[in-house]
Amino acid sequence: MSDVRVSAQEMREVCGLADRAPSLFNSQPWQWRGGGDFLELLLDRSLELPETDPDKRELVISNGVALQHALLALRARGWLVNVLRLPDASEPELLARIEVLGRGDPAPGDGALVRAARRREVDRREYAPVPVPPSVLAELASAGAAAQVSVITGDQRRAVAQAFARAARVHAASDRYRAELASWTGMASWSADGAPETGVPWRAREHDDLVVRDFGWAEAAGVDPASNGAAGCLLLISTGADDRDAHLRAGEALGALLCRAELAGLASCPLSEALEVRGTRALVRREALADAGHPQMMVRVGWPRPADGSPRHRT
Ligand SMILES: Cc1cc2nc3c(=O)[nH]c(=O)nc-3n(C[C@H](O)[C@H](O)[C@H](O)COP(=O)(O)O)c2cc1C
């Protein structure tokens, strides 16, 4: 046993930050196992979403984000760590083992990224019609260097938008998908999991090119889901392989990209529906990646609109 010891309280705080990671339908499908000099990330199979994520790809991606958050939290506290991904073939649920090697200096900026991870939340609203500078997009891409990140524009964006619309139609026609979605959404705000009715637009704004996932609330509020304000830049995270290791790394890339976006003051929203239906995932692969690489996640980023504030009698 090494003489490195992270206190139990500190490990709890590290896991606390990691548990802030975004996950499909906020399912948080992970568990932690640890000691003073290691932390293990285990996939929680009881939280699979078989209709939405039949290949369990997003299950692992969600875990990858939690892994990235845990590593960030440890490094920001000055711990030197080594990561073993999929370390034990006899325990397939064990996705990563983080070994704590000793004390070092936190990388400059890690503290700010931890605060960004704590603050970040999905923003499904329309974004301000102000372009995100290419230099900022390049920063996001380099933050997500655990995988490849590309900016989707022009004809590629049109093709991807079609894929989202088609996937939404496939999902809308599936009773089983809709039942699964319903069981995970519209939770009361005090529920510990599932996607609560926050971060969702309640008023239609102008139409945009992307059909974003209809969580059902917009319909309940009489809002056309297709007009859920989808402006913003579209980023695609892809990998060379399409196995568990690749899915885990795609999640790590997603986590790093989202933290960096938050730090830059950008609003962000992961988008995965077009990649959940086999045919539309193949379409995105062909049109956006020329069949080289595998699409894993998409993210919409943009400048948040100023808050409307409380109404007044005279405007
Ligand atoms: C793998 C993955 C897929 C996701 N897909 C979508 C999506 O298609 N649409 C969406 O609005 N949010 C999506 N999200 C965001 C989650 O719904 C969100 O992170 C979760 O509800 C928790 O909310 P928070 O990020 O504000 O903490 C996805 C997140 C992950 C990690």
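What share of the contacts in the chain with a separation of 6 or more is accounted for by residues 24 or more positions apart? In this predicted model, such pairs account for 75% of those contacts, a contact being defined by heavy atoms within 4.5 Å. Residues are numbered from 1 along each chain as its sequence is written, and side-chain values use heavy atoms, with hydrogens and water left out. Because the model is predicted, local features need pLDDT of at least 70 and side-chain atom pairs count only at pLDDT 80 or more, whereas totals for chains, interfaces and linings use all residues.

The secondary structure of the chain comprises 9 helices and 10 strands, taken as DSSP runs numbered from the N terminus (helices, H or I, at least four residues; strands, E, at least two). Of the 315 residues, 50% are buried (under 20% relative accessible area, with exposed meaning over 50% and partly exposed in between; 1.4 Å probe, protein chains only). The chain exposes about 14500 Å², of which carbon and sulfur atoms supply 52%; accessible areas come from the Shrake-Rupley method with a 1.4 Å probe, and for residues only the protein chains shown count as cover.

Oxygen atoms of the ligand lie 2.9 Å from a side-chain N or O atom of Arg120 and 2.5 Å from one of Arg124. A ligand nitrogen atom is 2.8 Å from a side-chain N or O atom of Ser272. The protein buries 94% of the 630 Å² that the ligand exposes when taken alone.

Gln68 is located in helix 2 and counts as buried because its relative accessibility is 11%. Leaving aside neighbours within four places in sequence, Gln68 is in contact with Glu252, Gly255, Ala256 and Cys259. The C-alpha atoms of Gln68 and Ala18, 50 residues apart along the chain, are separated by 7.7 Å.

Notes
A polar contact is a pair of N or O atoms within 3.5 Å; within protein, one must be able to donate a hydrogen and the other to accept it, and residues adjacent in sequence count only if both atoms are side-chain atoms.
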